[in-house]
Amino acid sequence: MSTAVAHPNIALIKYWGKRDDDAILPLTGSLSLTLDVFPTTTTVTLDAAADGDAAVFDGIAATGAAAARITAFLEIVRAAAGVRTPARVVTRNSVPTGAGLASSASGFAALAVAAADAYGLGLDERALSRLARRGSGSACRSIIGGAAIWHAGHDDATSFAEAVPSPALGMVIAVVDAGAKAVSSREAMQRTMRTSPYADAWVRATAQDLDAMMDALARDDMTAIGELTESNALRMHAAIMGSRPPIRYLAPQSIALFDAAAQLRAEGLEAYATADAGPNVVLVCRDADVDDVRDRLAERAPTVRLVAAHAGPGAHLVPDASRSGGDGVIRAQAPGKLFIAGEYAVVEPGEPAVLVAVDRHITVELDEAAERGSISSGQYGREPVLWTREDGVVVLDQDHRPYDYVLSAIATVEQLAAERGIAPRFCDIRISSQLDDVSGRKFGLGSSAAVTVATVRALDAFLDLRLTPMEQFKIALIATVRVAPAASGGDVAASAFGGWIAYSAPDRARVRAEAAAEGVQALLDRPWPGCAYGACPPRRGSGCWWAGPGSRPRPSDSSAASSTARASARAGIASSSPTAAAPSTS
């Protein structure tokens, strides 16, 4: 079983038109920003006993053309792997499907990463991008975190996406209509190229726009970036509307939002509108202006749902908790950490640090209990601490100081479960650690953060919450600051994401207050100002080894895998070592 998460991307320079429908080779290159909102989570499980592939989208079995499209994509993966085993695909989509918000991009990017792993292909980022392209063209860009260019290429090997340097950009998504559009992008694209008299001009102009956009990004010229983004979108929609029969995606409210962007610029706030193939509009601005743009836009469009977004991570595997060994016990792991730089600076909100996850872990084993739960650890050489609930609050029967973080993780996860209408259940938790010695003496490798993350992962599987890695991190940080309000969360980020990471902290006092006042789910649903984290690849040949008591030095799983990690992505989860952060499957 392999699970991957991917996020949608919004194109600044659009993709519209193919020279090869089967290989999905575009007529021109394009450029986009992968976001940190609306993730798609996809699990691929091989099933040798099945008669064929099965797919489930948001709890509903896929049939007809949707099921056929999944099977066609899996056939490409199977041909590359040299196996014929059918697969079961389960997808949860938080982006409105078919509404012009790149749901197919995040969907096929997640499927590409999960399927490639499930079938053992071992693809690098470029190969994953090419594979994702075969499902949906724009999906190749969602493999990449942040800004990405899709090279048109001339064949399968040369048509792929890769990261490009970019200033810090943000977006405000205005959801005009979350319903599926009447004419699919695939059908509209074919009709435009076949019947619109403006199609050839669109292709020529887009090639020029792409060159100009690359130059504007390199110069950090927000005005040029915005003007190119807005004009390129309107040119695409003009070509689409020139089709016969005509296709019109933009609604009156869509046009009003383009006008609102112009009004914001007239007032001195740079924001530019764009729209993919649908009625929903996205305002592009500098990352620092996102909240201001959202608030000012809300004054002009009070009935429209507005979503603030920032640069997000590329598609990546999810470290899941697993029920392994055939005993029904849930096992989850999280690694320890080392600060490389910024250990004291990162305590201030927004200030950066660099950390690396080490190859020493904490393991949490969890199974269901009846009338009360327990927490135990061989590290403390004591009997299990029993816990129950009084008036919905988790309480323990004795001193619980060694387990403060575990207790906080339980309470925080149960708060989220209650907000989602999920009944609480008792469980027994057993903890084993490679981050302290047998007496409980810590080695300074972030054992408190690791046990918090591992506990959250195990409880996620136990209660079937289906959290994304970003949600697991946020819950673990909320639980942490409830115990240690001044904690930066850098160690939590390293334990949650693995590999080498760059991280800056949110305002933890604000996080605590808002979790208490608004609930955990409300904090999961929005970005945290000042909080940034993403992969920070080390120099080639560098690494991290554990040389502590009882171990021989050996290369860190985290650093070994992180050489393929992408540039840092704000408020998202960049690709990191699945080995470093993954729970045990033994």
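Is Phe108 buried or exposed, and at what relative accessibility? I looked this up first: Phe108 counts as buried, at 7% relative accessibility, where buried means under 20% relative accessible area, exposed over 50% and partly exposed in between, with a 1.4 Å probe and protein chains only.

**Basis of the entries.** I am reading a predicted model, in which local features need pLDDT of at least 70 and side-chain atom pairs count only at pLDDT 80 or more, while totals for chains, interfaces and linings use all residues. Residues are numbered from 1 along each chain as its sequence is written, and side-chain values use heavy atoms, with hydrogens and water left out.

**Aromatic pairs.** I took rings of Phe, Tyr and Trp (for Trp its six-membered ring) to pair if their centres lie within 6.5 Å, with planes under 30 degrees apart counted as stacked, over 60 as edge-to-face and the rest as tilted. By this rule I have five aromatic pairs. One of them joins Tyr15 and Trp150 edge-to-face, at 4.6 Å centre to centre and with 65 degrees between the planes. Because Tyr15 lies in the loop between E2 and strand E3 (18-20) and Trp150 in strand E10 (residues 147-150), this pair ties together parts that are 135 residues apart in sequence. For helices I use DSSP runs of H or I with at least four residues, and for strands runs of E with at least two, both numbered from the N terminus. I found both Tyr15 and Trp150 to be buried.

Phe108 has its own partner, since Phe73 and Phe108 form an edge-to-face pair, 5.5 Å centre to centre with 65 degrees between the planes. Phe73 lies in helix H1 and Phe108 in helix H2 (residues 103-118), so the pair ties together parts 35 residues apart in sequence. Phe73 is buried as well, with a relative accessible area of 2%. I also noted one aromatic cluster, formed by Phe473, Phe497 and Tyr503.

**The sheet of four strands.** I then followed E2 and E10 into an open sheet of four strands, ordered E2-E5-E10-E11 with antiparallel pairing; two strands pair if DSSP finds at least two bridges between them. Its edges are strand E2 (9-13) and strand E11 (161-163), each of which pairs on one side only. E2 and strand E5 (residues 30-34) run antiparallel and are joined by four bridges, and across this pairing Ile13 stands opposite Leu31 in E5.

**Helix H9.** In H9 (residues 290-300) I listed Val290, Val293 and Leu297 as buried. Seen down the axis, these buried residues fall within an arc of 65 degrees, so they line one face of the helix; the arc is that of the directions from the helix axis to the C-beta atoms. An α-helix has 3.6 residues a turn, so residues three or four places apart point the same way. Among the elements covering the buried residues of H9 are strand E12 (169-175), helix H8 (252-266), strand E14 (281-286) and strand E15 (305-310), where contact means heavy atoms within 4.5 Å.

**Helix H14.** For H14 (residues 508-518) the buried residues are Arg508, Val511, Glu514 and Ala515. They cover an arc of only 125 degrees around the axis, which puts them on the same side of H14. The face turned away from that buried side carries the exposed residues Ala509, Ala516 and Ala517. The cover over the buried residues includes helix H10 (404-419), helix H12 (469-483) and helix H15 (520-524). After H14 comes Gly519, whose phi is positive, near 100 degrees.

**Ser374.** My last entry is Ser374, in strand E20 (residues 373-377), which counts as buried at 11% relative accessibility. Leaving aside neighbours within four places in sequence, Ser374 is in contact with Pro384, Val385, Leu386, Trp387, Cys427, Asp428 and Ile429.
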